[in-house]
Amino acid sequence: MDEHVIDLTVISAVVFDTDGVVTDTARGHAAAWKHVFDAFLRGRSEPFDIRDDYLRHVDGRPRLDGIRTFLGARGITVPEGSPADEPGAPTVHGLGLAKDRSFLEQVGKYGVAAFPPTVALLHELRRRGARTAAVSAGLHGRRLVTSAGVMHLFDLMVDGNDAALMNLPGTPDPALFLEAARRLDLPAAGIAVVASALPAVEAGRKGGFGTVVAVGAKAEDAAGDAAGDAAGDAAGDAAGGLVVVGDLSELGVRGRVLPLRG
């Protein structure tokens with residue numbers, strides 16, 4: 001799909017992955033990860049690369065999965081530990097708690113902003129009758145969207161707390177997005193997914209969503225990966241198309257969602 005448009009004659013709702021699409025939190029997440037990993041890696045391995053390591057191993061993944069994935073790539077294994085661990089303890093949970101604390105300190109200091117092109121797109125979609133949902137793998141997803149002042153632009157949200165309660169796997173598994181589709185009471189084929197992190201783009205493709213919009217500097221990589229993986233993949237073939245944009249200001253909306261008649 002080459003045209004940069006969401007077609008509301010075939011799409012009835014749009015699900016947004018929040019980090020890097022709705023809320024401008026990617027830099028805060030990356031800085032928090034670097035702070036925690038560099039302290040842990042000292043004397044063990046090279047420092048955490050705030051771009052390559054972040055994008056490749058932790059961006060878009062649930063916090064604990066990101067720790068396992070990154071440390072595994074460095075050939076490092078640590079105990080799982082438990083939520084009762086001290087933040088910074090050399091365990092998966094201890095590192096996760098330290099990252100959480102560091103990130104929230106940055107949010108408290110600098111606040112959270114919503115991307116203006118996303119806000120404009122949300123208003124346009126709702127004006128044309130489309131429903132909207134937000135998805136976040138993070139435990140603080142709801143808080144961040146609320147702090148950014150845009151929760152009222154979504155019909156519902158699925159976040160890391162829902163994932164924990166329902167035992168839903170994180171991206172690239174499509175479970176979080178499919179749960180949003182279930183709550184919208186719509187088939188995945190009638191929903192568009194908007195995401196910037198590669199695992200979230202992959203999740204949208206695997207879930208058979210009607211349109212997957214890949215946003216930002218990683219979009220071309222996402223497009224290449226998705227196109228390659230889709231070969232021979234029934235779920236990928238079921239998806240209506242992949243739209244690649246550098247910024248959501250490049251994305252148009254066509255048609256409108258007609259109200260159901262009784």
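User: In strand 5, which residue is the bridge partner of alanine 13?

Analyst: The model is a predicted one, and in it alanine 13 has isoleucine 191 of strand 5 as its bridge partner.

User: How many bridges join strand 2 to strand 5, and how do the two run?

Analyst: Strand 2 and strand 5, the latter covering residues 191–195, are joined by 4 bridges and run parallel.

User: And how many bridges join strand 2 to strand 3?

Analyst: There are 5 bridges between strand 2 and strand 3, and this pair also runs parallel. Within that pairing, phenylalanine 16 stands opposite alanine 134 of strand 3.

User: How many residues of strand 2 are buried?

Analyst: Strand 2, residues 13–17, is mostly covered, with 5 of its 5 residues buried.

User: Which of them point one way and which the other?

Analyst: Ala13, Val15 and Asp17 point to one side of strand 2, while Val14 and Phe16 point to the other; all are buried.

User: Turning to the helices: at what angle do the axes of helix 1 and helix 4 cross, and within what distance do they come?

Analyst: The axes of helix 1 and helix 4 (residues 92–110) cross at roughly 135 degrees and come within 8 Å. Helix 1 and helix 4 are therefore oblique to each other. The crossing is right-handed.

User: Which residues make that contact?

Analyst: Helix 1 contributes Gly28, His29, Ala31, Ala32, Trp33, His35, Val36 and Phe40, and helix 4 contributes Leu95, Ala98, Lys99, Ser102, Phe103 and Gln106. By class, the residues of this contact are 8 nonpolar, 5 polar and 1 charged.

User: What about helix 1 and helix 3: where do their axes stand in angle and distance?

Analyst: The axes of helix 1 (residues 26–41) and helix 3 (residues 63–73) cross at roughly 45 degrees and come within 13 Å. That angle makes helix 1 oblique to helix 3. The crossing of helix 1 and helix 3 is right-handed.

User: Which residues meet there?

Analyst: From helix 1, Trp33, Phe37, Phe40 and Leu41 meet Arg63, Ile67, Phe70 and Leu71 from helix 3. These divide into 7 nonpolar, no polar and 1 charged.

User: Now histidine 57. Where is its place, and is it buried or exposed?

Analyst: Histidine 57 belongs to helix 2, residues 52–58. Its relative accessible area is 12%, so histidine 57 is buried.

User: What does histidine 57 touch beyond its neighbours in sequence?

Analyst: Setting aside residues up to four places away in sequence, histidine 57 touches Gly66, Thr69, Phe70 and Ala73. The C-alpha atoms of histidine 57 and glycine 72 are separated by 9.5 Å, with the two residues 15 residues apart along the chain.

User: Next, arginine 128. Where does it lie?

Analyst: Arginine 128 lies in the loop that runs between helix 5 (116–127) and strand 3 (131–135).

User: Why does arginine 128 count as buried?

Analyst: Arginine 128 counts as buried because its relative accessibility is 18%, and the cut-off for buried is under 20%.

User: With which residues is arginine 128 in contact?

Analyst: Neighbours within four places in sequence aside, arginine 128 is in contact with Leu8, Val253, Arg254, Gly255, Arg256 and Val257.

User: On to the backbone: which peptide bond is cis, with omega near 20 degrees?

Analyst: The bond from threonine 171 to proline 172 is cis, with omega near 20 degrees. Proline 172 sits in the loop between helix 7 (160–166) and helix 8 (175–184). Most peptide bonds are trans, and most residues other than glycine have a negative phi.

User: What is phi of asparagine 167, then, and is the residue buried or exposed?

Analyst: Phi of asparagine 167 is near 55 degrees, a positive value in a residue other than glycine. Asparagine 167 lies in the loop between helix 7 and helix 8 and, at 68% relative accessibility, counts as exposed.

User: And what is phi of aspartate 185?

Analyst: For aspartate 185, phi is near 60 degrees, a positive value in a residue other than glycine. Aspartate 185 lies in the loop between helix 8 and strand 5 and counts as exposed, at 68% relative accessibility.

User: Last one: which residues of helix 9 are buried?

Analyst: In helix 9, residues 198–206, the buried ones are Pro199, Ala200, Val201, Ala203, Gly204 and Arg205. Glycine 208 follows helix 9 and has a positive phi, near 70 degrees.

Conventions: Residues numbered from 1 in each chain as written. Predicted model: local features only at pLDDT ≥ 70, side-chain atom pairs only at ≥ 80, totals over all residues. Heavy atoms only, no water. Axes fitted to C-alpha atoms, helices over the stretch in contact; angles between N-to-C directions. Parallel < 35°, antiparallel > 145°, perpendicular 65-115°, else oblique. Left-handed = near helix turned anticlockwise from the far one by under 90°. Contact = heavy atoms within 4.5 Å. Nonpolar A, V, L, I, M, F, W, Y, C, P; charged D, E, K, R; others polar. Buried < 20%, exposed > 50% of the residue type's maximum accessible area, 1.4 Å probe, protein only. Pairing = 2+ DSSP bridges.
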